[in-house]
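Work through the exercises below with the sequence and the 3D view open. Try each task before reading its solution.

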Amino acid sequence: ITEMLERESQLLQASKMTTLGKMSAGIAHELNQPLNAINMGSEYLTMMVEKGKKISRENLVEVARQISEQVDRASEIMNRLREFGRKPDFARKKVDLNRAIRIVHGIVAQQLKLQNIIVNLELEENIPFILAHNTRLEQVTFNLITNAQDAIRQKSKDGFDTGESTITIRTFAENGRVAVTVSDNGVGIPENVQHKVFEPFFTTKEMGKGTGLGLSISYRIVQDFGGNIQIFSKEGEGARFVIDFPATDKHSA
């Protein structure tokens with residue numbers, strides 16, 4: 001059992017690092033924004049000093065405030081990446097599903113924006129906690145979002161008019177369960193292979209574009225936490241993944 005858990009941990013880490021590599025352009029762009037703002041403030045102060053011009057107290061306070069805020073913003077981005085990149089343990093605790101989704105959204109949002117993909121978050125507030133682990137929930141969310149991203153890009157590549165490209169993530173609680181749905185308007189999955197999508201190494205992507213591990217890993221994680229995962233899809237019209245977990249008796253803050 002220990003060896004099995006260690007292998008799964010290694011697969012999770014490899015999958016996360018691969019996905020972060022794909023998102024590197026968006027992450028770099030997101031970091032550039034606060035760094036550019038800090039640079040502009042620094043250049044303004046340097047120019048004023050070099051020209052011997054007096055800086056008003058109001059301007060000095062504003063520049064200092066802006067620099068401090070941008071440092072905090074860059075630090076937050078790095079903290080999200082560091083937390084996501086940590087090697088997971090497998091101890092279950094009460095966690096907030098919405099929090100895991102927001103962390104992943106914070107990492108991928110800029111990359112998706114650069115690809116003109118709109119992400120709609122429809123998260124029900126104060127849903128019950130579930131017994132799980134944050135980093136493993138983040139991995140499931142990451143896998144489903146990147147799967148949706150690839151489906152949208154494939155539809156565009158195949159020459160179909162996607163219109164507005166969207167990924168919608170929704171959470172809700174009902175009948176003692178906490179659920180999340182991830183929907184996209186991508187290429188969809190043919191009905192005759194939908195029963196295979198959670199099998200290891202199965203992929204509908206072109207050669208070299210997918211490992212076939214993302215959904216199978218997600219399936220195992222969801223099962224480990226007593227959850228269910230289903231897929232609803234029509235070829236050419238997108239896909240919707242539905243996951244639900246047993247709720248605890250307390251609500252998230």
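This is a predicted model: local features need pLDDT of at least 70, side-chain atom pairs count only at pLDDT 80 or more; totals for chains, interfaces and linings use all residues.

**Exercise 1.** Compare the span of helix 5 with the span expected at 1.5 Å a residue.

Solution. 
Step 1: The expected span is 1.5 Å times one less than the number of residues.
Step 2: For the 24 residues of helix 5, the expected value is 34 Å.
Step 3: From first C-alpha to last, helix 5 reaches 34 Å, which is close to the expectation.

**Exercise 2.** Is Ile145 buried or exposed, and which residues does Ile145 contact beyond its neighbours within four places in sequence?

Solution. 
Step 1: Locate Ile145 in helix 5.
Step 2: The relative accessibility of Ile145 is 2%. The cut-off for buried is under 20%, so Ile145 counts as buried.
Step 3: With neighbours within four places left out, the contacts of Ile145 are Val104, Val108, Leu112, Ile167 and Ile169.
Step 4: Take His105 as a check on distance: 40 residues separate His105 from Ile145 in sequence, while their C-alpha atoms are 8.8 Å apart in space.
Step 5: Across the protein, 75% of contacts between residues at least 6 apart in sequence join residues at least 24 apart.

**Exercise 3.** Describe the largest cavity: its volume, its lining residues and their division into nonpolar, polar and charged.

Solution. 
Step 1: Searching the whole structure for cavities of 30 Å³ or more gives 1. The largest cavity holds about 70 Å³ of space.
Step 2: Its lining consists of Leu97, Leu137, Val140, Thr141, Leu144, Val180, Val182, Ile243 and Phe245.
Step 3: Two or more of these residues come from each of helix 5 (134–157), strand 5 (177–184) and strand 7 (239–251). Helix 5 gives the most, with 4 residues.
Step 4: The lining divides into 8 nonpolar residues, 1 polar and no charged.

**Exercise 4.** How many helices and strands does the protein have, and in what order?

Solution. 
Step 1: There are 6 helices and 7 strands.
Step 2: Read from the N terminus, the order is α-α-α-β-α-β-β-α-β-β-α-β-β.

Methods:
Residues are numbered from 1 along each chain as its sequence is written. Side-chain values use heavy atoms; hydrogens and water are left out. On a 1 Å grid over the protein atoms alone, a cavity is a set of points where a 1.4 Å probe fits but cannot get out, and a pocket is an open set with protein on both sides within 12 Å along at least five of seven lines; lining residues have an atom within 4 Å of a point. Grid points are joined across faces, edges and corners, and a volume is the space filled by probe spheres set on the points. Ala, Val, Leu, Ile, Met, Phe, Trp, Tyr, Cys and Pro count as nonpolar, Asp, Glu, Lys and Arg as charged, and the others, Gly among them, as polar. Contact means heavy atoms within 4.5 Å. Buried means under 20% relative accessible area, exposed over 50%, partly exposed in between (1.4 Å probe, protein chains only).
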